[in-house]
Amino acid sequence: MIKVLKFGGTSVGSAENMKKVASIIKYEGSHITVLSAMSGTTDSLVKIGNLAKEKNTAKINEVIGQLREKYSTCINSLLASPANAIAKMENTFGLINDFVNNYKEGKSERGILAQGELLTSFIFTEYLKESGEEAVLLNAPDFMITDNDSKIKKEVLNNRLTALTKQDGIYYITQGFICTNNDGEIDNLGRGGSDYSAALMGEALCADEVQIWTDIDGMHNNDPRYVEKTVPIRHMSFDEAAELAYFGAKILHPATIQPCKDHGIPVRLKNTMDPDAEGTLIANGEASSDFCAVAAKDNITVIRIYSARMLMAYGFLRKVFEIFENHRTSIDMITTSEVAVSLTIDDDSNLDKIIKELESLGTIEIERNNTIICVVGRVDHQQAGMTARVFNSLYTIPVKMISYGASHRSIVVLIDTDHKIQALKNLNVGLFNL
């Protein structure tokens, strides 16, 4: 049975936790283990990249000093013979300084960001070897290679990874998140991309199961950071999981589901801190209940386009969509009327350019600080009363936009972020009686 296990930053965030991870992969019989950087590392490396742009050497040295203390503490607590890992750590900080001293915007930031996963996976592999296990460290950028559209070249991944991991009885360790881009430079799949890395590797190896290990006991019916009474979901469909991940469920990267769904590979969400807990199994099947879970997605920007040219016209929406396509910005929600279009985006990095082009179509209005609330489940359009249960729960919350009918899996509303926590609590009571 081929299993691909991925562990997040908290799971490998200390020597003690790394020992837990080692026990888990031996118990599960992991074929390939995908690791994130130790918790907090990526944020520090992002900071170094920003400081490099500002040429703030003193602050960079301070952040590197904090990382050195963090990693050296872990290494010395984990390894009886730490020399190799200490040397790797110092070499890593040397590479970071090289990227800083020879700063090139974009390239240097990406190179700096990759070092967390590379160092963490090296330390963990050293521990496995020292524990008497046969372990091989794989360099993910050797087989995770993207094309011009930043998509992983699956044929390359399949061929190279299969060749690298063909021998049984070995624990193969590699990095999530990082890759090589089409220009041959070190790059990454974006924050949270380690889940996606694991899914793609599982697909390449025709795995029997992909496991995502975090510090939470599976997917919950609501966000436990804001709602006290939540319950784990033991079984859910790929479609339900995809909706929840896309609309804010932090436990799973949105892109993870599709490769596994396409090949019928079950995804199991587990808790590193409580490995005996059942967790959540995501597999083929239909929704088991009217309402499965609620998720919230913050940092949503509303763009409203007012134009009399929409009235009785065709082709207007095509022009709008082309502008967003040209700037590679996806749209989450959209509603229309006779003379207006309202839509939402979660990435405003190209907003100024988008607005400039949209102004040729009509009057533009921008509104920030919004949250999308997504209610996922078996949304039967023939069943009376489903929307009433949602909106009765939200009767004290001003709702700005509604998306219903696009699928049989969700009801989506847009609200001001200031009302998010109350909305989640209200839905927990109104839909789940919790």
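The structure is a predicted model. Its largest nonpolar core has 98 residues, and a second, separate core has 19 residues.

**Nonpolar cores**

- Within the largest core of 98 residues, those with the most contacts inside it are Phe7, Ile25, Ile48, Phe124, Met144, Leu161 and Ile282.
- Helix H5, which spans residues 107-130, gives the most to this core, contributing 10 residues.
- When neighbours within four places in sequence are left aside, Ile25 is in contact with Leu5, Phe7, Ser30, Thr33, Phe124, Leu128, Tyr171 and Ile173.
- The second core is separate, and among its 19 residues are Val227, Val375, Val390 and Val413.

**Nonpolar surface patch**

- Leu317, Phe321 and Ile334 together make a nonpolar surface patch of about 220 Å².
- Leu317 belongs to helix H10, residues 316-326, and it counts as partly exposed because its relative accessibility is 31%, which lies between the limits of 20% and 50%.

**Positive phi angles**

- Most residues other than glycine have a negative phi.
- Cys206, although not a glycine, has a positive phi of about 50 degrees; Cys206 is placed in the loop between helix H7 (193-204) and strand E7 (209-214), and it counts as exposed because its relative accessibility is 58%.
- Asn299, likewise a residue other than glycine, has a positive phi near 60 degrees; Asn299 is placed in strand E11, residues 293-306, and its relative accessibility of 62% is why it counts as exposed.

Definitions and conventions:
Residues numbered from 1 in each chain as written. Predicted model: local features only at pLDDT ≥ 70, side-chain atom pairs only at ≥ 80, totals over all residues. Heavy atoms only, no water. Helix = DSSP H or I, 4+ residues; strand = E, 2+ residues; numbered from the N terminus. Buried < 20%, exposed > 50% of the residue type's maximum accessible area, 1.4 Å probe, protein only. Patch = residues over 30% accessible without salt bridge, like charges linked within 9 Å, V, L, I, M, F, W, Y side chains within 5 Å. Areas by Shrake-Rupley, 256 points an atom, 1.4 Å probe, with all protein chains shown as cover. Salt bridge = Lys/Arg side-chain N within 4 Å of Asp/Glu carboxyl O. Core = buried A, V, L, I, M, F, W, Y, C linked by side-chain atoms within 4.5 Å. Contact = heavy atoms within 4.5 Å.
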